[in-house]
There are 10 protein chains.
Amino acid sequence: MSNTEIPTITEKLLTAKKAKGVTFTDLEQALGRDEVWIAALIYRQASASEDEASKLLQALGLSNDLVPELTASSVKGLGPIVPTDPLVYRFYEIMQVYGMPIKEVIHEKFGDGIMSAIDFTMNIEKEADPKGDRVVITMNGKFLPYKKW
Amino acid sequence: MSNTEIPTITEKLLTAKKAKGVTFTDLEQALGRDEVWIAALIYRQASASEDEASKLLQALGLSNDLVPELTASSVKGLGPIVPTDPLVYRFYEIMQVYGMPIKEVIHEKFGDGIMSAIDFTMNIEKEADPKGDRVVITMNGKFLPYKKW
Amino acid sequence: MSNTEIPTITEKLLTAKKAKGVTFTDLEQALGRDEVWIAALIYRQASASEDEASKLLQALGLSNDLVPELTASSVKGLGPIVPTDPLVYRFYEIMQVYGMPIKEVIHEKFGDGIMSAIDFTMNIEKEADPKGDRVVITMNGKFLPYKKW
Amino acid sequence: MSNTEIPTITEKLLTAKKAKGVTFTDLEQALGRDEVWIAALIYRQASASEDEASKLLQALGLSNDLVPELTASSVKGLGPIVPTDPLVYRFYEIMQVYGMPIKEVIHEKFGDGIMSAIDFTMNIEKEADPKGDRVVITMNGKFLPYKKW
Amino acid sequence: MSNTEIPTITEKLLTAKKAKGVTFTDLEQALGRDEVWIAALIYRQASASEDEASKLLQALGLSNDLVPELTASSVKGLGPIVPTDPLVYRFYEIMQVYGMPIKEVIHEKFGDGIMSAIDFTMNIEKEADPKGDRVVITMNGKFLPYKKW
Amino acid sequence: MSNTEIPTITEKLLTAKKAKGVTFTDLEQALGRDEVWIAALIYRQASASEDEASKLLQALGLSNDLVPELTASSVKGLGPIVPTDPLVYRFYEIMQVYGMPIKEVIHEKFGDGIMSAIDFTMNIEKEADPKGDRVVITMNGKFLPYKKW
Amino acid sequence: MSNTEIPTITEKLLTAKKAKGVTFTDLEQALGRDEVWIAALIYRQASASEDEASKLLQALGLSNDLVPELTASSVKGLGPIVPTDPLVYRFYEIMQVYGMPIKEVIHEKFGDGIMSAIDFTMNIEKEADPKGDRVVITMNGKFLPYKKW
Amino acid sequence: MSNTEIPTITEKLLTAKKAKGVTFTDLEQALGRDEVWIAALIYRQASASEDEASKLLQALGLSNDLVPELTASSVKGLGPIVPTDPLVYRFYEIMQVYGMPIKEVIHEKFGDGIMSAIDFTMNIEKEADPKGDRVVITMNGKFLPYKKW
Amino acid sequence: MSNTEIPTITEKLLTAKKAKGVTFTDLEQALGRDEVWIAALIYRQASASEDEASKLLQALGLSNDLVPELTASSVKGLGPIVPTDPLVYRFYEIMQVYGMPIKEVIHEKFGDGIMSAIDFTMNIEKEADPKGDRVVITMNGKFLPYKKW
Amino acid sequence: MSNTEIPTITEKLLTAKKAKGVTFTDLEQALGRDEVWIAALIYRQASASEDEASKLLQALGLSNDLVPELTASSVKGLGPIVPTDPLVYRFYEIMQVYGMPIKEVIHEKFGDGIMSAIDFTMNIEKEADPKGDRVVITMNGKFLPYKKW
């Protein structure tokens with residue numbers, strides 16, 4: 001369904017996670033890593049150390065046979081050019097609507113350069129709100145100034 | 001340069017801002033609004049009240065003739081399908097790489113639904129770091145559960 | 001046929017529905033939900049509660065093994081960028097032809113914001129007409145005003 | 001701003017409408033037509049009779065010179081393949097998410113065929129709701145069965 | 001070969017047709033339908049009644065097991081956005097080259113509206129010509145005037 | 001409006017045609033050519049002889065200055081990859097839905113080859129029908145068999 | 001590898017050709033056809049007579065079971081919109097760079113029309129050159145003048 | 001008309017060529033270069049020496065002011081991704097249909113490598129034929145073997 | 001010509017550079033920067049300090065009015081999705097052909113991460129070679145390891 | 001994961017390489033070829049001699065059965081039009097940002113022509129740097145001047 005290509009290993013891990021009733025919070029404790037990074041690992045958008053891979057597989061009740069697949073560098077990027085899934089699309093929309101304003105503000109604060117998406121962390125919190133809970137996402141990326149030469 | 005279509009009014013406002021040496025921090029104080037929202041207004045991705053429009057124009061030393069343009073609802077979305085500008089592209093990349101992991105985490109925390117990009121605020125901070133300053137972006141969007149009927 | 005990707009579970013459910021001769025009206029009564037929502041669930045564009053999933057499977061004479069697949073959050077969006085199926089295309093055409101006029105009218109009635117496609121219901125009726133029956137589709141979405149900050 | 005191509009005549013008409021403070025409700029009374037159709041006419045997605053064109057121009061305080069432009073058959077469809085404007089995009093999303101479910105329901109109710117987007121009307125209402133007003137859109141299109149030969 | 005997606009049932013029917021040496025003229029007589037419509041049915045771009053499906057399967061020496069597949073409403077549209085097959089491409093080229101001239105002539109003859117592709121028939125004849133035989137295609141579609149409301 | 005690129009000369013000719021109240025039938029008589037070909041010439045999808053160009057310009061009350069533009073070989077093809085105009089789109093849809101069935105029938109009748117879109121004529125007639133007039137389009141193209149070598 | 005879709009039969013034929021050590025020159029003699037046409041047949045871009053199919057299969061040491069597949073009219077066009085293979089891409093580049101100049105020269109020499117790609121032959125020769133051998137490709141297509149009507 | 005972007009200087013040169021009644025054969029004699037190369041120069045797909053530029057301008061009765069524009073290295077490639085002009089499209093079609101067969105033949109004759117489109121010449125001849133004149137295009141490109149390292 | 005969008009300021013600077021006969025080597029000496037960076041600045045893919053801007057303008061004989069344009073952060077990325085210019089395309093081809101092999105080698109040498117295109121320098125040299133001079137391009141980018149969190 | 005199409009043989013070779021713990025440096029010694037070329041061979045973007053294929057397979061502990069697959073000319077180009085993998089994308093970005101500046105510098109140094117991507121070698125080195133190691137990529141391609149004729 002949709003053109004998003006979900007790796008086979010991802011389906012195995014998510015099925016096991018569901019079957020065992022393990023939450024991302026549980027996995028955070030088992031691995032000592034943030035849930036977003038763990039979800040990225042499960043979708044093979046991040047690579048684990050052998051130790052992290054073992055802990056994840058153990059927490060999901062799976063054998064260590066999958067360690068090599070989890071430690072390998074993967075081809076990243078999950079999907080169609082413009083995502084059709086409404087949740088994912090909203091991040092595309094934020095880029096379309098706020099991309100240039102963000103650029104303007106970052107250039108004023110930091111000069112010409114970019115926010116790294118590699119030296120980068122991301123956190124997702126649930127903020128209780130009587131008018132409806134809110135999703136709070138914090139992105140933290142190193143500013144990389146353009147090098148001159 | 002690039003296919004990003006920058007509205008004429010945006011160029012006028014940015015030229016005036018540069019000429020007067022006004023910063024976004026100055027504008028925050030003049031309008032009582034966040035700098036990201038103000039940048040979005042300047043790029044016509046947001047619409048001002050008459051009062052906000054007047055204050056912005058005054059702060060930039062421009063006449064009130066532009067008020068109607070700033071208060072009208074605009075056609076939003078600034079650019080090419082896949083952005084070529086490296087700073088903007090990194091947000092596309094974050095969507096490509098972390099979109100599905102974010103989806104997984106949000107669904108676990110909140111159930112089936114999305115983070116609104118309309119009932120939404122965004123904040124950009126500079127975090128000093130001896131290894132290189134960091135860009136910290138906080139997105140705060142209402143969780144919208146799928147309605148059943 | 002065509003690039004529309006129909007999930008395997010959808011084919012199972014539709015085959016069972018046809019084999020048992022169950023109509024959407026029957027399913028409306030079995031689930032206490034609208035037929036459009038049920039069709040969306042069958043195409044995995046909506047997620048069921050355990051109870052709704054059970055009722056649907058029972059009504060179609062299928063075992064409860066499929067409950068987990070029906071309650072999981074799915075990747076949504078079914079098809080090619082521009083749909084080739086004539087029935088689906090007409091909704092693309094309505095968006096192309098009437099999208100901006102709708103935008104103009106909504107902005108005048110409600111201000112700057114959007115109609116939610118999440119806090120949203122849809123109803124399809126058959127209106128008898130001697131010159132040819134008519135399809136009447138009612139969409140009902142919460143107006144979401146742009147937040148300022 | 002954005003790739004939506006807004007005809008010059010549309011800008012003239014909307015500017016006049018804003019300048020005179022005329023609402024769509026006023027135009028409904030002046031023309032005896034629905035506001036959505038009038039907005040479609042203004043965006044040149046519909047063609048007026050000479051009488052309708054005159055009434056519109058008179059209501060907007062414009063001369064009859066524009067009558068020929070308003071009565072001509074126009075090239076329809078306003079925009080980019082996937083719209084970037086959030087309001088317009090939601091209609092694209094509805095097509096992506098609900099297109100196939102709608103198809104399933106219509107085929108069951110009517111047989112193989114389509115809802116016409118030509119022999120078609122559309123209505124937009126504001127439904128007051130204490131939890132937030134709602135946009136109610138009613139589409140009414142003739143069912144066209146596939147002809148066999 | 002090419003991105004045209006040919007349904008499995010189409011391959012079965014065409015293989016049987018070739019194996020039995022049945023021509024479209026034979027099928028016209030067996031079904032009492034035009035060969036183009038029958039070819040559209042074989043490619044699942046049209047839906048048969050139970051009777052038509054039975055007759056087609058009988059004429060091709062196939063069992064009635066395929067009746068349900070032939071009577072179901074199908075997802076229509078067979079191919080890539082721009083067809084690469086030279087025969088099919090020529091129809092794309094005709095649309096590119098003559099689309100606007102046709103529009104001009106139809107609007108003058110009929111007013112604002114379209115030729116229906118649903119209430120529509122098509123006929124293909126071979127016209128003998130000493131300089132090379134000619135393909136004569138006759139399309140006959142109901143004119144649908146734009147409704148005003 | 002829309003991405004269809006209408007040549008400047010086309011607009012001049014159509015404006016003159018409307019101003020003088022000349023119909024395509026009138027032009028057929030003036031030029032001794034079919035109205036579809038004349039419309040194609042006006043849209044610069046066909047090239048005129050000097051004599052044809054003169055007659056057209058005379059019939060439209062324009063000076064002979066435009067003769068060179070009308071006799072030059074032009075770059076053909078008028079529009080976006082997938083047309084958004086509903087009338088033109090229906091021809092795209094016919095190609096999507098009936099392209100492969102047509103191919104099947106032509107190959108059976110003629111062998112491997114194509115219908116030429118160059119050694120090609122097209123005719124548009126209005127067929128009166130009490131249930132709604134019909135557009136009858138006749139395409140006549142030379143069959144070109146694939147050459148072997 | 002790459003999006004070029006190579007038919008299964010092509011792989012069978014090429015594997016047999018390699019296994020038997022048969023060259024295109026051998027096949028030219030076996031079939032009495034040019035090697036380019038034979039390669040086109042192997043890629044199912046051309047259709048064989050029964051006799052040609054038999055000779056090809058015999059030359060490759062394959063059974064006659066594949067005759068029907070080789071004599072059927074195929075869906076033509078092998079690949080992605082813009083080819084990524086460098087050898088094939090160069091022909092795309094020639095079209096991009098020299099397409100309009102070729103058009104200019106052909107129109108001057110022949111008038112308005114095209115070079116047929118159907119009534120068309122192609123020849124590839126190796127021209128020895130001390131500075132590096134050269135590929136000489138001769139295309140020979142019938143000029144088709146635009147018909148007027 | 002069409003998305004082909006024709007440089008302003010090209011239009012100037014072609015207008016002058018038409019006005020003076022100069023043919024490509026005349027230009028071949030004036031410059032001592034092949035007509036295809038000259039047409040490529042006119043479309044700014046090739047760069048002239050100062051001497052060649054002068055001779056071309058003189059032959060067209062234009063002043064030497066345009067010399068710098070004709071000697072500069074230009075950005076090459078003239079058009080839309082898939083050309084809509086039927087003459088140019090046929091070269092796209094040849095690439096789609098014969099690209100892989102050509103690749104197969106060249107690899108057998110020369111080994112792994114490509115035909116250069118830079119160390120490349122092209123010739124266009126008119127071959128008289130009682131059944132219709134033929135366009136004969138000869139491409140001659142250096143074979144470039146893949147370097148190993 | 002081509003879809004590459006060359007900024008107006010770039011044209012001014014290049015025209016002045018040509019008129020004054022200034023080479024990149026001259027500019028390297030005037031600015032104390034590498035010619036590739038200077039060319040990037042001229043195409044507004046890099047931003048200058050006030051001092052660098054002044055020196056460049058002085059070297060080109062232009063007034064300091066253009067300083068603000070050269071010091072502003074620009075929207076980067078110059079062209080069409082797939083470049084049509086043969087020189088630029090070769091870099092696209094290198095990415096298509098060698099992208100994954102490069103990825104494999106970098107991951108083995110450095111671990112999971114990327115080569116920065118921001119903390120990045122590039123150098124172009126001419127290497128004399130009797131068989132034909134060679135272009136030697138050296139890219140030097142900081143390795144950025146994926147951060148875990 | 002991602003649309004990059006990795007050939008089956010590539011997966012076999014990489015799995016064996018990982019299982020045996022063989023590095024690219026080991027392979028360089030075994031084959032007497034550069035690691036980048038070897039990686040290109042593994043991804044079937046280059047073709048081996050029989051000897052090179054044998055040595056590679058032996059080094060990886062695989063049988064000689066794969067020799068024919070490694071010596072065949074392959075269809076080259078590995079991936080989606082715009083790569084989503086961040087490491088590969090950076091090369092796309094370099095082309096977008098520095099493509100035109102590189103073109104400008106090469107034309108000044110060499111004249112009108114291109115850097116060959118066929119008569120081409122590439123080298124990747126790790127440059128130790130206390131602020132973070134750097135990737136140094138050296139591309140060396142023959143300059144090909146445009147031929148005139």
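Tutor: Helices and strands are here DSSP runs, a helix having at least four residues and a strand at least two, and they are numbered from the N terminus. With that in hand, and keeping in mind that this is a predicted model, we can read chain A, which has six helices and two strands, in the order α-α-α-α-α-α-β-β from the N terminus on. The C-alpha trace of chain A spans about 50 × 50 × 30 Å along its principal axes. Its domain assignment gives domain 1 as 8-71 and domain 2 as 86-145, and the C-alpha centres of these two domains of chain A lie 26 Å apart.

Now to the meeting place itself, that of chain B and chain J. Nine residues of chain B are in contact with nine residues of chain J. The size of an interface is often given as the accessible area lost when the parts come together; between chain B and chain J the buried area is about 720 Å², and carbon and sulfur atoms give 53% of it.

Two salt bridges are found across the interface of chain B and chain J. In one of the salt bridges found in the model, B:Arg90 pairs with J:Glu93, and the closest N and O atoms are 2.6 Å apart. The interface of chain B and chain J also has two residue pairs in polar contact, both at pLDDT 80 or more. Sorted by class, the side of chain B that touches chain J has five nonpolar, two polar and two charged residues.

How the two chains are placed relative to each other is the next step. Chain B can be laid on chain J with an RMSD of 0.0 Å by a turn of 180 degrees, together with a shift of 0.0 Å along the axis, and that is the relation of a two-fold axis. The residue of chain B that comes closest to the rotation axis is B:Val82, whose C-alpha is at 4.2 Å. The same surface serves both copies, since 100% of the contact residues of chain B recur in chain J.

H:Asp119 is found in strand 1 of chain H, residues 113-127. Leaving aside its neighbours within four places in sequence, H:Asp119 is in contact with G:Arg134, H:Asn140, H:Gly141, H:Lys142 and J:Lys147. With G:Arg134, the side chain of H:Asp119 forms a polar contact of 3.1 Å.

Notes:
Residues numbered from 1 in each chain as written. Chains lettered and ligands numbered in written order. Predicted model: local features only at pLDDT ≥ 70, side-chain atom pairs only at ≥ 80, totals over all residues. Heavy atoms only, no water. Contact = heavy atoms within 4.5 Å. Buried area = accessible area lost by both parts, 1.4 Å probe. Salt bridge = Lys/Arg side-chain N within 4 Å of Asp/Glu carboxyl O. Polar contact = N/O pair within 3.5 Å; in protein donor to acceptor, adjacent residues only side chain to side chain. Nonpolar A, V, L, I, M, F, W, Y, C, P; charged D, E, K, R; others polar. Domains from an automatic or database assignment. Least-squares fit on C-alpha atoms with pLDDT ≥ 70 in both.
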